[in-house]
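Dear colleague,

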Amino acid sequence: RHCGRICEIRAVYSTDTVRVYQAYNHAIADAAIAAQAFVAPWSNSRMTWVKPSFVWMGYRCGWASKDANQARVLAVDLHRGAFDEMLRGTIP
């Protein structure tokens with residue numbers, strides 16, 4: 001949401017990365033953990049909602065009990081430039 005002139009995102013970050021969280025099914029989570037990257041059966045055609053807060057993600061996915069497609073929550077370190085680019089596309 002638009003928050004005026006000053007916006008704040010609370011997340012674990014460094015100059016290089018921003019950590020976000022996302023819930024996945026067991027197959028996607030297992031493959032991503034094994035490869036340390038998103039590989040099949042993950043697909044970039046699927047819309048996803050990332051959260052910068054583990055607690056917020058936990059709440060949104062029903063503490064990993066909402067449904068089988070949100071059974072595992074992964075911490076994902078995004079390149080800072082990619083995260084900043086995503087924000088530029090969402091905040092007016």
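The side chains of R10 and E8 form a salt bridge with an N to O distance of 2.8 Å, where a salt bridge is a side-chain nitrogen of Lys or Arg within 4 Å of a carboxyl oxygen of Asp or Glu. R10 counts as exposed at 65% relative accessibility, and E8 is likewise exposed, at 59% (buried means under 20% relative accessible area, exposed over 50%, and partly exposed in between, with a 1.4 Å probe and protein chains only).

Before going further, please note that this is a predicted model, in which local features need pLDDT of at least 70 and side-chain atom pairs count only at pLDDT 80 or more, while totals for chains, interfaces and linings use all residues. Residues are numbered from 1 along each chain as its sequence is written, and side-chain values use heavy atoms, with hydrogens and water left out.

By the salt-bridge rule the count comes to 5. Another of these joins D77 to R19, at 2.7 Å from N to O. That pair links distant parts of the chain, since D77 lies in strand β2 (residues 72-79) and R19 in strand β1 (residues 17-24), 58 residues apart; helices (H or I, at least four residues) and strands (E, at least two) are DSSP runs, numbered from the N terminus. D77 is partly exposed at 43%, as is R19 at 28%.

R80 and D84 also meet in a salt bridge, at 3.2 Å from N to O, and as they are 4 residues apart in helix α3 (residues 80-88), about one helical turn separates them. An α-helix has 3.6 residues a turn, so residues three or four places apart point the same way.

Which charged residue is buried yet has no salt bridge? That residue is K51, for which the nearest side chain of opposite charge, D67, is 13 Å away (Lys and Arg count as positive and Asp and Glu as negative, while His and the chain ends are not counted). K51 sits in the loop between α1 (26-35) and α2 (54-60), and, leaving aside neighbours within four places in sequence, K51 is in contact (heavy atoms within 4.5 Å) with V20, Y21, W56, M57 and R60.

Turning to α1, its buried residues are I28, A29, A31 and A32. They lie on the same side of α1, because they cover an arc of only 170° around the axis, the arc being that of the directions from the helix axis to the C-beta atoms. What covers these buried residues includes β1 and β2.
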